[in-house]
Amino acid sequence: MANYTLYGAEFSLYSGKIRSYLRYKRLDYAEVFSSISIYKKIIVPNTGVKFIPVVKTPKGDYLQDTSVIIDRIEQDEPQRSVIPSGNKQHLVALLLELYGDEWLLIPAMHYRWNYDNFPFVYQEFGGIVAPKMPAFIRAFIGKRIGAPFKKVVPKLGITAKSIPAIEHWYEKEFLADLNRHFEQHDFLLGGRPCIGDFGFFGPLYAHLYRDPCSGQLMKKIAPNVVAWVERMQDASNVQGDFLADDAIPDSLLPILRHLFKHQWPMLQHTSERLSEWADQQDESDGQEAAIPRRLGMQPFTIGEIEEQRLVMPYSLWMMQRPLDFYQSLETEQQQSMSELLSQLDAKQALDFTLKSRVTRHNNQFVVEQ
Ligand SMILES: N[C@@H](CCC(=O)N[C@@H](CS)C(=O)NCC(=O)O)C(=O)O
């Protein structure tokens with residue numbers, strides 16, 4: 001019997017992140033497809049929520065959320081760590097995880113749902129309810145199951161107004177920068193994957209490489225990114241190391257700058273919205289209220305365009321990871337990063353304090369007391 005069980009699906013963004021991680025760590029795991037009956041029998045009873053992936057550990061714990069899963073496994077199985085020991089690389093690895101998990105969702109959702117990926121994507125969604133049915137029936141059922149995901153696309157700020165800017169940034173900037181980076185390095189921080197590689201792999205594999213339209217595009221314009229995706233699918237034989245002397249490759253700077261220019265201000269705005277929400281909660285009943293998944297809409301920018309998108313407080317939990325790490329460092333250690341942070345225009349950004357912090361309780365998010 002395998003030590004770990006992964007409940008997930010090939011077409012699911014975050015399942016890709018954790019599958020690749022389990023393989024890199026050389027852990028013995030079995031994957032179980034998250035069909036509707038697995039949701040009913042395993043996922044919902046053991047996690048209380050309806051998200052994939054879920055990992056069952058050898059001790060029988062069910063873990064939900066890829067960052068929770070990675071943090072736990074890093075403690076239990078320290079070999080082949082995905083967290084570099086140098087402070088700069090550690091910080092950058094967490095920032096890249098945040099960017100991969102939360103920001104790269106934008107192109108992942110855009111190219112999956114706004115291009116003609118029929119019948120491939122729908123057959124895959126249909127498999128959740130009818131795994132054994134012929135492909136054309138699965139595609140038909142999949143249209144219904146995929147509908148709520150497609151419907152959320154404009155609410156993520158992906159609209160007629162922003163699509164040209166999203167495509168310009170993804171194709172001409174992001175993929176071009178990443179393609180140049182992988183000309184020189186096998187992974188984001190050198191010769192082995194860090195947690196940021198797994199964050200990037202979710203969207204870049206499950207959606208942007210596997211889906212027919214974006215897959216063709218990636219093969220055409222970013223062959224080195226394709227080669228990295230293929231290395232990341234099974235990196236169990238990788239023996240390399242992170243770059244020496246805690247170095248951050250120059251080729252990553254444009255991507256990190258983009259994070260601080262576009263994703264970070266949006267997260268700061270999300271943080272204000274969460275503290276407004278927290279202020280309105282009635283503390284008198286002594287109960288911690290679960291934070292809603294969405295808190296209205298907020299502005300964000302991509303290229304020169306401003307659009308509105310959902311306020312998603314979950315992202316703050318991901319933002320806290322690099323922020324907490326940076327703020328836990330001694331002043332001297334922070335100072336040793338000042339050159340990098342000024343290159344990224346990020347010094348002030350990392351001094352940011354969230355008025356209301358987010359914490360997890362039974363796989364739900366609540367405001368830390
Ligand atoms: N941040 C979570 C996200 C999990 C997640 O959003 N999973 C998607 C599938 S890839 C899902 O289950 N979505 C269902 C929904 O949004 O209701 C993680 O890292 O595991």
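This is a predicted model: local features need pLDDT of at least 70, side-chain atom pairs count only at pLDDT 80 or more; totals for chains, interfaces and linings use all residues.
The largest nonpolar core has 125 residues. H12 supplies eleven of them, the largest share. Residues with the most contacts inside this core include Tyr170, Phe174, Trp228 and Trp264.

Take phenylalanine 174. Leave out neighbours within four places in sequence. Its contacts are then Tyr99, Leu104, Trp169, Phe200, Leu204 and Ile255. Phe200 and Leu204 are themselves on the list of residues with the most contacts in the core.

Next, histidine 207. Histidine 207 sits in helix H9, residues 195-207. Its relative accessible area is 4%, so histidine 207 counts as buried. With the sequence neighbours within four places set aside again, histidine 207 touches Phe11, Leu13, Ala108, Met109, Arg112, Gly202 and Ser214.

Now the whole chain. We have 15 helices and eight strands. The radius of gyration is 20 Å, close to the 21 Å from the globule rule for 369 residues, so the chain is as compact as a globular protein of that length. The C-alpha trace spans about 60 × 60 × 50 Å along its principal axes. Buried residues make up 57% of the chain. Of contacts between residues at least 6 apart in sequence, 73% join residues at least 24 apart. Accessible surface is about 16,400 Å², with 50% from carbon and sulfur atoms.

Methods. Residues are numbered from 1 along each chain as its sequence is written. Side-chain values use heavy atoms; hydrogens and water are left out. A nonpolar core is a set of buried Ala, Val, Leu, Ile, Met, Phe, Trp, Tyr and Cys residues joined through side-chain atoms within 4.5 Å. Buried means under 20% relative accessible area, exposed over 50%, partly exposed in between (1.4 Å probe, protein chains only). Helices (H or I, at least four residues) and strands (E, at least two) are DSSP runs, numbered from the N terminus. Contact means heavy atoms within 4.5 Å. The radius of gyration is taken over C-alpha atoms; the globule rule is 2.2 Å times the number of residues to the power 0.38. Accessible areas come from the Shrake-Rupley method with a 1.4 Å probe; for residues, only the protein chains shown count as cover.
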